[in-house]
Amino acid sequence: MPSSGWLLALLAMLAGMALGSAVTTLQRRHRERQRRLQACAEMAAPCLLLHADGRILQANTAARRLLGAPLAHLDDLALPSEARSWLAEQGGGGETRRCELNRPAAAPLSLRLEKRLADLDGQDAGLSWLLLHDISQEDDDERGQQLWREALQDSRLALFEYRLAPRRVYGRVLAADNVLGLPPGWVDIGFDHWLERVHPDDRDALRTMLEHPERLATGSAYLEFRFRHGHGHWEWLEQRTQLRHEDGRISAIVGLCQSITSRKHAESELLRREQVFRTLVENADDVIARYDLNLCCQFINRSITRYLPLPRHEHLGKTLRQQGWPQGALDTLEPAFRAVLARHEARHLEVELDVFGKAATFSIHLIPELGAHGELVSILAIGREITELRLGSRLLADENAVMEMIANNQPLNDILTRLCRLVEAQRPQAVCSIMLLNEQKTELNLAAGPSLPASFSGFLHGLAIGPETGSCGSAVFSGERVVVSDIAHDPRWENYRYLALPHGLRSCWSTPIYSSSREMLGAFAIYYPTPRNPGKAELRLTDRCTHLASIALERDRHEKQLYFLATRDGLTGLLNRRSFMEVGEAEVLRSKRYGHDLSIMMMDLDHFKGINDQHGHATGDQVLQHFATLCGNTFRHADIVGRLGGEEFGVLLPFTTLAEAGILAERLRAEVDGSVVMACGVAVHYTVSIGISSVFPDDKDIDGPLSRADTLLYQAKTLGRNRIRYDGDPPSLPLAG
Ligand SMILES: Nc1nc2c(ncn2[C@@H]2O[C@H](COP(=O)(O)OP(=O)(O)OP(=O)(O)O)[C@@H](O)[C@H]2O)c(=O)[nH]1
């Protein structure tokens with residue numbers, strides 16, 4: 001059958017055609033598959049060609065390098081299950097997925113997996129590309145950024161960008177809320193608003209930076225300014241800036257700001273403390289200086305200019321000697337400094353200095369200053385002038401000495417002289433004097449003036465008291481202190497300046513000396529060689545000395561009164577018996593030592609009992625006083641008259657022969673006989689009998705001549721009274737009128 005043959009042929013032809021086509025398709029797909037394998041191998045990025053069942057058909061070199069070999073199946077990668085199931089899903093071409101590969105023998109790997117379908121001949125062949133992106137580095141960057149953000153947050157740092165063209169400040173100020181109290185997030189503020197928040201004192205610097213960025217240093221520039229914090233207070237910022245360029249021009253300034261408020265507060269506190277310390281040091285009366293180990297001055301405060309002539313700054317870098325310390329001070333200072341250098345121990349010393357012609361005493365402390373390891377780094381010297389302190393101690397000691405002299409009844413002149421010296425020790429240029437009033441209060445006499453020129457002292461006797469009688473005469477006259485600051489021109493010295501000026505006495509302040517009962521006693525004067533007024537300290541010193549002088553004078557007067565009372569007869573004022581005998585003993589010894597004559601009289605009023613009886617005891621007293629007065633008129637100043645008891649009197653007549661004594665005795669006897677005492681309107685007449693003897697070579701004391709005179713007196717009484725009896729021959733000299 002032809003038709004079945006045709007059909008068979010046709011079928012065979014069709015089968016042949018179909019077979020050919022199938023073979024061709026298979027061949028093409030094989031080629032495509034090979035191309036994909038080839039493409040995978042040639043890819044630079046790590047890439048795997050996967051079969052849907054998880055087999056790895058191809059792993060290129062980059063993939064093997066990244067993942068290691070062998071790579072036959074996805075299981076070899078130890079992908080996280082999530083990534084594994086994602087890969088197993090059909091479709092999803094072009095999708096990516098992150099995953100972490102924790103490899104036991106290698107560092108963990110962060111991958112971004114990118115799956116692409118690799119269909120063959122436009123059909124899904126269960127093949128896919130797996131591109132492996134190593135994002136470990138990106139992660140590191142992200143972690144770094146995170147850390148940086150956290151650090152910024154904690155560090156009080158803020159980063160700003162001052163963009164010049166739009167004149168705006170931008171910033172991703174992570175810590176801005178912290179540092180500046182700005183809202184968190186992005187800052188975007190115009191320059192003007194920004195500057196408004198900057199402290200007015202710092203604004204110009206920041207404005208200059210913004211307007212003239214070209215002036216900023218090419219590297220990092222530094223600026224400090226205060227910025228108003230969101231809470232209202234000022235926040236100190238330190239800003240380091242970098243310029244940013246675009247198209248060859250400065251486009252922005254990047255500023256990294258850090259809060260330095262705490263530091264600034266600490267600095268200002270430190271500054272304040274330093275200021276306080278400096279103020280203290282600068283204004284201290286003490287001299288404060290620091291010396292280095294070569295003993296060169298590193299620092300010295302301004303007090304030094306009071307004592308040494310160099311200007312303060314010229315002391316720096318100079319040794320003690322170069323600073324101009326006098327040799328006397330150097331002799332003490334240099335060894336002391338060297339001792340501190342050697343032993344690192346503090347020392348104290350006292351130094352005498354001549355300060356611009358004035359003696360001054362210094363107390364100096366040398367203090368070693370040690371470094372962190374105990375090594376000596378410098379020496380601190382603190383010097384204090386203690387002249388006044390020392391003078392005060394001396395004044396106290398001198399005053400005590402004067403008081404002691406007063407208590408010990410030292411001679412008044414010695415005490416007053418010591419007082420003058422006391423003041424002169426306190427005030428080296430001063431010359432002092434003490435003038436005392438005479439008993440009649442009519443004139444002044446020099447009592448002490450140890451440093452006055454002798455030729456000037458000679459004039460200071462019998463000085464008048466009045467309104468223009470020099471300083472002392474005027475002070476005593478007015479009862480007030482008189483300050484003559486310039487003798488050359490003061491009218492009160494008109495009549496005396498020719499005496500004072502040639503002796504270099506130019507000013508004179510005189511203070512009256514009063515007794516405790518305000519009786520004027522004299523005046524205390526201080527002279528100076530230059531015209532000047534007294535200072536408070538000098539007035540105080542004068543007052544203290546005047547007071548001491550007053551005590552000494554009163555004490556002296558009191559002593560004299562006591563002595564007078566103890567040695568004198570209260571009724572007549574003549575020596576009493578005890579004193580007469582003491583003086584008599586001394587006179588006898590003196591006459592024998594020097595070989596001069598000494599005559600002795602014993603006198604007794606005649607019938608005195610009768611006068612008492614007839615006229616009364618008071619009249620008897622009057623007669624005794626009258627007789628004492630006549631004795632005073634008759635005998636010389638050097639003769640010593642005493643009332644030995646009742647109406648009995650004695651007279652010592654030094655340098656007087658028996659004959660000369662006789663003349664005086666006769667003159668007295670006649671005077672008595674020729675006078676009367678008027679008592680209650682009645683004239684009372686009386687007479688006196690006298691016995692006279694002389695000291696003979698054999699006499700050892702007063703007893704012999706006194707006894708002989710007494711015997712002669714008795715004889716005169718016996719012979720009829722109103723007469724004189726002599727020891728030996730009556731005087732051959734003619735009796736004077
Ligand atoms: N008024 C007065 N009488 C005194 C004082 N002292 C002694 N008499 C008196 O002096 C008198 C001395 O008398 P007599 O010793 O007897 O001596 P007379 O009377 O002077 O006789 P002749 O010495 O012998 O001349 C006594 O009456 C005493 O009381 C005195 O201080 N005042």
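**Strands, cores and ligand shell**

Reader: Which residue stands opposite L101 in β4?
Author: This is a predicted model, in which local features need pLDDT of at least 70 and side-chain atom pairs count only at pLDDT 80 or more, while totals for chains, interfaces and linings use all residues. Residues are numbered from 1 along each chain as its sequence is written. β3 and β4 (109-117) pair in the antiparallel sense over seven bridges, where pairing requires that DSSP finds at least two bridges between two strands. In β4, the residue opposite L101 is L109.

Reader: What is the bridge partner of R244 in β11?
Author: β10 (234-246) pairs in the antiparallel sense with β9 (221-228) over eight bridges, and F225 stands opposite L237 in β10. β10 also pairs in the antiparallel sense with β11 (249-259), over ten bridges. The partner of R244 is A252.

Reader: Which residue takes a positive phi in the hairpin of β10 and β11?
Author: The hairpin of β9 and β10 has five residues between the strands, and G232 there takes a positive phi near 105°. The hairpin of β10 and β11 has two residues between the strands, and the residue with a positive phi, near 50°, is D247.

Reader: Is H344 buried or partly exposed?
Author: H344 is in the loop between α10 (327-343) and β14 (347-355), and its phi is near 60°, a positive value in a residue other than glycine. A residue is buried if 20 or more other C-beta atoms, placed from the backbone, lie within 10 Å of its own, exposed if 12 or fewer, and partly exposed in between. H344 has 14 other C-beta atoms within 10 Å, so H344 is partly exposed.

Reader: Does N409 count as buried or exposed?
Author: N409 is in the loop between α11 (387-407) and α12 (412-426) and has a positive phi of about 55° although it is not a glycine. Because N409 has 11 C-beta neighbours inside 10 Å, it counts as exposed.

Reader: How many residues does the largest nonpolar core have?
Author: A nonpolar core is a set of buried Ala, Val, Leu, Ile, Met, Phe, Trp, Tyr and Cys residues joined through C-beta atoms within 7 Å. Among the residues with the most contacts inside the largest core is I434, which touches L416, L419 and A549, among others, not counting residues up to four places away in sequence. A second, separate core of 42 residues includes L598, M601, F635 and L644. The largest core has 51 residues.

Reader: What separates the C-alpha atoms of L444 and G473?
Author: L444 is in β18 (444-448) and counts as buried because it has 25 C-beta neighbours inside 10 Å. Not counting residues up to four places away in sequence, L444 touches residues including G473; contact requires C-beta atoms, placed from the backbone, within 7 Å. L444 and G473 are 29 residues apart along the chain, and the separation of their C-alpha atoms is 7.3 Å.

Reader: Which strand does α20 run at about 170° to?
Author: An open sheet of five strands has the order β24-β25-β23-β28-β29, with mixed pairing. β24 (640-645) and β29 (724-726) stand at the edges with a single partner strand each, so one side of each is left without a neighbour in the sheet. β23 and β25 (648-654) pair in the antiparallel sense over seven bridges, with M601 opposite V651. Helix α20 (658-673) lies across β23, β25, β28 and β29, and the strand it runs at about 170° to is β28.

Reader: How many residues of the shell around the ligand are charged?
Author: β23 (598-605), α18 (608-615) and α19 (617-634) each supply at least two residues of this shell. Of the 17 residues around the ligand, D606, F608, K609, G620 and G646 come nearest, a residue being near if its C-beta atom, placed from the backbone, lies within 6 Å. Ala, Val, Leu, Ile, Met, Phe, Trp, Tyr, Cys and Pro count as nonpolar, Asp, Glu, Lys and Arg as charged, and the others, Gly among them, as polar. The shell has four nonpolar and six polar residues, and the number of charged ones is seven.

Terms used
Helices (H or I, at least four residues) and strands (E, at least two) are DSSP runs, numbered from the N terminus. Two residues are in contact if their C-beta atoms, placed from the backbone, lie within 7 Å. Axes are lines fitted to C-alpha atoms, for helices over the stretch in contact, and angles run from 0 to 180 degrees between N-to-C directions.
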